[in-house]
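Have the chain in view as you read.

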Amino acid sequence: MNEISPARFYRDNGYALVRGLISADEARAYREECHALLARLRPSDPTWGSARRIAGGGTELRHCHDAQFYSAAFARLIVDPRFTDVAAELIGSGNVQLHHTKIFVKPAEKGSPFPMHQDAAHFPHTRHTVGAAIFHFDDAPEEKGCVRVVPGSHRQGPLPHVEEGGWHLPPSSWPLEEAVPVEARAGDVLFLDYLTVHGSGVNRSDEARTTLLVQFRDPEDLPADDVHRSRGQGMMLRGVDPLAGSRG
Ligand SMILES: O=C(O)CCC(=O)C(=O)O
């Protein structure tokens with residue numbers, strides 16, 4: 001039987017898990033790079049207020065935005081054609097532009113959850129090409145709080161979110177437990193349409209979960225609202241910016 005291509009699966013389901021996009025050895029090295037970088041930075045915890053309520057408090061998240069400004073290893077990874085070629089195919093454009101990057105480490109036994117949401121609620125765009133690539137630097141089984149998705153939810157378009165400690169969907173209508181867990185191995189990359197409803201659970205395992213999330217778009221897909229700027233935004237990861245001459 002022919003396997004469905006990641007682009008076809010992504011179009012139909014709003015997500016695609018690409019197995020072994022980087023090797024297990026590379027993932028291990030990036031894992032060390034993430035933990036070393038976070039150890040150098042001042043600790044900050046971006047756990048959403050809503051996540052604290054859901055988890056009953058006591059959970060933590062460690063993070064770093066714009067990782068490529070602190071370590072060249074991440075600058076190399078975000079322009080790696082193994083990644084950018086897939087991103088280009090999924091968004092149907094030869095040109096791939098950076099929106100932002102962030103490292104997330106969910107510490108062992110208490111890594112914070114993410115309530116269900118669409119990324120579109122955080123940074124809406126006019127043509128909805130925005131996607132996320134979640135690089136897994138260690139295994140992410142269900143007990144580690146892997147990402148969970150609602151397949152096909154991207155076809156519903158932007159949904160109203162509630163602003164109760166981080167934009168998210170009402171948990172009563174969108175329970176995390178009913179979403180499909182996307183268990184991943186070190187080296188796998190999960191691509192998510194920014195309209196796909198997703199979240200993730202608490203890391204209850206004895207090992208940290210370590211990921212780099214790269215948010216990308218077609219450069220001709222303009223923000224609908226001036227929100228969520230970041231230092232690296234607008235960098236070309238593949239191809240060219242056809243609107244370069246018309247940007248302010
Ligand atoms: O890494 C995760 O568990 C989910 C992250 C996420 O949903 C987000 O940053 O929008």
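To sort residues by class, Ala, Val, Leu, Ile, Met, Phe, Trp, Tyr, Cys and Pro count as nonpolar, Asp, Glu, Lys and Arg as charged, and the others, Gly among them, as polar. With that sorting, the shell around the ligand has four nonpolar, three polar and four charged residues.

A word on the source: this is a predicted model, where local features need pLDDT of at least 70, side-chain atom pairs count only at pLDDT 80 or more, and totals for chains, interfaces and linings use all residues. Residues are numbered from 1 along each chain as its sequence is written, and side-chain values use heavy atoms, with hydrogens and water left out.

So who is in the shell? The residues around the ligand are Lys102, Phe104, Lys106, Phe114, His117, Asp119, Val147, His198, Ser200, Arg209 and Leu213. Strand 3 (96-106) gives the largest share, three residues; strand 4 (114-117), strand 11 (198-200) and strand 12 (209-217) each supply at least two. Strands here are DSSP runs (E, at least two residues), numbered from the N terminus.

| Side chain | Distance to a ligand oxygen atom |
|---|---|
| Lys102 | 3.3 Å |
| His117 | 2.9 Å |
| Asp119 | 3.0 Å |

Taken alone the ligand exposes 300 Å², and the protein buries 97% of that (areas by the Shrake-Rupley method with a 1.4 Å probe).

Now for the open spaces. A pocket is found on a 1 Å grid over the protein atoms alone: it is an open set of points where a 1.4 Å probe fits, with protein on both sides within 12 Å along at least five of seven lines, and its lining residues have an atom within 4 Å of a point. The ligand sits in the largest pocket (more than half of its atoms lie within 2 Å of the grid points).

That largest pocket holds about 370 Å³ of space, a volume filled by probe spheres set on the points. It is lined by 23 residues, with Trp48, Lys102, Phe104, Phe114 and His117 the closest to its centre. Strand 12 gives the largest share of this lining, four residues.

The second largest pocket has about 270 Å³. Among its 18 lining residues, Pro113, Leu176, Glu177, Gly201 and Val202 lie nearest its centre.

Key. Near = heavy atom within 4 Å. Polar contact = N/O pair within 3.5 Å; in protein donor to acceptor, adjacent residues only side chain to side chain.
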